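The sequence and the model are shown first.

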Amino acid sequence: MKKRSMQGASGFTLLELLVVLAILGLLAAIVGPQVIKYLDSSKSQSARVQAKNIVAALNLFKLDASRYPTPEEGLPALVKQPANVPSWNGPYLPEQTALIDPWGRPYLMRLPGEHGDVDVYTLGSDGQPGGTGEARDVGSW
């Protein structure tokens, strides 16, 4: 009797496993591209928020120094005091990594700006001016 009950032990058949794998494959094919699209767009949104934060730090720098950083000083002047700015009251950003965009390149500054007193922007995922989608320029405007 014990021998017979062991033969009737439950388990998964190969067909059942193949059906489950097919369902998981379909879910991955449908959901995967949507998740990747969402993750890519989040980099652009993050870049826009970071650029606006840098502009806010630049405005604080201007309040203290009565001017924006020169092109020679650049955005690093928000983290480390330039030699010729005795009224510097920073750091205005916590660390140098705050000046790096989500694609690993430094943010750019345009003074005077085309969209305001100063523009902070990144060239997007491709690192080239212009572009569409994730490759478009993202700025503080």
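Accessible areas here come from the Shrake-Rupley method with a 1.4 Å probe. On that basis, the accessible surface of the chain is about 9,600 Å², and carbon and sulfur atoms account for 62% of that area. The model is a predicted one.

**Overall architecture**

The chain contains 2 helices and 3 strands, arranged from the N terminus in the order α-α-β-β-β. Its radius of gyration is 27 Å, well over the 14 Å that the globule rule gives for 141 residues, so the chain is more spread out than a compact globule. Along the principal axes, the C-alpha trace spans about 95 × 35 × 20 Å. Of the 141 residues, 28% are buried. Among contacts with a separation of 6 or more, 39% join residues 24 or more positions apart. The charged side chains comprise 13 positive and 13 negative ones, and the centres of these two sets lie 16 Å apart.

In soluble globular proteins, nonpolar side chains tend to be buried together. In this chain the largest nonpolar core has 23 residues, and those with the most contacts inside it are Ile 54, Leu 58, Phe 61 and Leu 78. Helix H2, residues 14-65, gives the most to this core, with 8 residues.

Tyr 92 lies in the loop between H2 and strand E1 (108-110). With a relative accessible area of 14%, under the 20% cut-off, Tyr 92 counts as buried. With the same exclusion of sequence neighbours, the contacts of Tyr 92 are Ala 57, Leu 60, Phe 61, Asp 64, Ala 77 and Leu 78. Tyr 92 and Leu 18 are 74 residues apart in sequence, and their C-alpha atoms are 58 Å apart in space.

**Backbone features**

| Cis peptide bond | Omega |
|---|---|
| Gly 90 and Pro 91 | about 10° |
| Leu 111 and Pro 112 | about 0° |

Pro 91 is placed in the loop between H2 and E1, whereas Pro 112 is in the loop between E1 and strand E2 (119-122). Ser 66, a residue other than glycine, has a positive phi near 65°. Ser 66 also lies in the loop between H2 and E1, and is exposed, with a relative accessible area of 65%.

Technical notes:
Residues numbered from 1 in each chain as written. Predicted model: local features only at pLDDT ≥ 70, side-chain atom pairs only at ≥ 80, totals over all residues. Heavy atoms only, no water. Helix = DSSP H or I, 4+ residues; strand = E, 2+ residues; numbered from the N terminus. Rg over C-alpha atoms; globule rule 2.2 N^0.38 Å. Buried < 20%, exposed > 50% of the residue type's maximum accessible area, 1.4 Å probe, protein only. Contact = heavy atoms within 4.5 Å. Lys, Arg positive; Asp, Glu negative; His and termini not counted. Charge placed at Lys NZ, Arg CZ, Asp CG, Glu CD. Core = buried A, V, L, I, M, F, W, Y, C linked by side-chain atoms within 4.5 Å. Lists of a residue's contacts leave out its neighbours within four places in sequence.
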